[in-house]
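Dear colleague,

I am handing over the structure we spoke about, and below it you will find my notes on what turned up. Please read them with the structure open beside you.

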Amino acid sequence: MKSTVSISEGQNNFPALIKAAEKGAVVTVTRHDEPVACVIAYERMSAVAETLEIMGNAAAMQAVANHKAGKTKFGRLDDIPE
């Protein structure tokens, strides 16, 4: 399956479009040679959405930055009070 298809090609080959997405491809759908949509596997889109959610969380991004800077302190689970 090509990585870019027109709407009419996509309609005519919908099962192949879905199979390509399931195998990891992202297929761009165009109208008059302009991109209008993408067909992507559900699992991959879920991962993208989760990443965007984390990136939109200032506290999470600060924790990532602190870890990259070597400022993260690790302890043992046994040290956490019940």
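In what follows, a residue is called buried when its relative accessible area is under 20%, exposed when it is over 50%, and partly exposed in between, with a 1.4 Å probe and protein chains only. Please note that this is a predicted model, in which local features need pLDDT of at least 70 and side-chain atom pairs count only at pLDDT 80 or more, while totals for chains, interfaces and linings use all residues. Residues are numbered from 1 along each chain as its sequence is written, and side-chain values use heavy atoms, with hydrogens and water left out.

I begin with the sheet. Helices (H or I, at least four residues) and strands (E, at least two) are DSSP runs numbered from the N terminus, and two strands are said to pair if DSSP finds at least two bridges between them. On that basis, 3 strands form an open sheet with mixed pairing, in the order E1-E2-E3. Strand E1 (4-6) and strand E3 (34-39) are its edges, each pairing on one side only. Strand E2 (residues 27-31) runs antiparallel to E3 and is joined to that strand by 5 bridges, and Val 29 has Ala 37 in E3 as its bridge partner. Helix H2 (residues 14-22) packs on the sheet and touches E1, E2 and E3, contact meaning heavy atoms within 4.5 Å.

The loop between E2 and E3 holds both His 32 and Asp 33. Phi is positive in each of these non-glycine residues, near 55 degrees for His 32 and near 65 degrees for Asp 33. His 32 counts as exposed at 74% relative accessibility, and Asp 33 counts as exposed at 71%.

Finally, the surface. Accessible areas come from the Shrake-Rupley method with a 1.4 Å probe, and for residues only the protein chains shown count as cover. A nonpolar patch of about 590 Å² includes Ile 54, Met 55 and Met 61, and H3 gives the most to this patch, with 5 residues.

With best wishes

Technical notes:
Axes fitted to C-alpha atoms, helices over the stretch in contact; angles between N-to-C directions. Patch = residues over 30% accessible without salt bridge, like charges linked within 9 Å, V, L, I, M, F, W, Y side chains within 5 Å. Salt bridge = Lys/Arg side-chain N within 4 Å of Asp/Glu carboxyl O.
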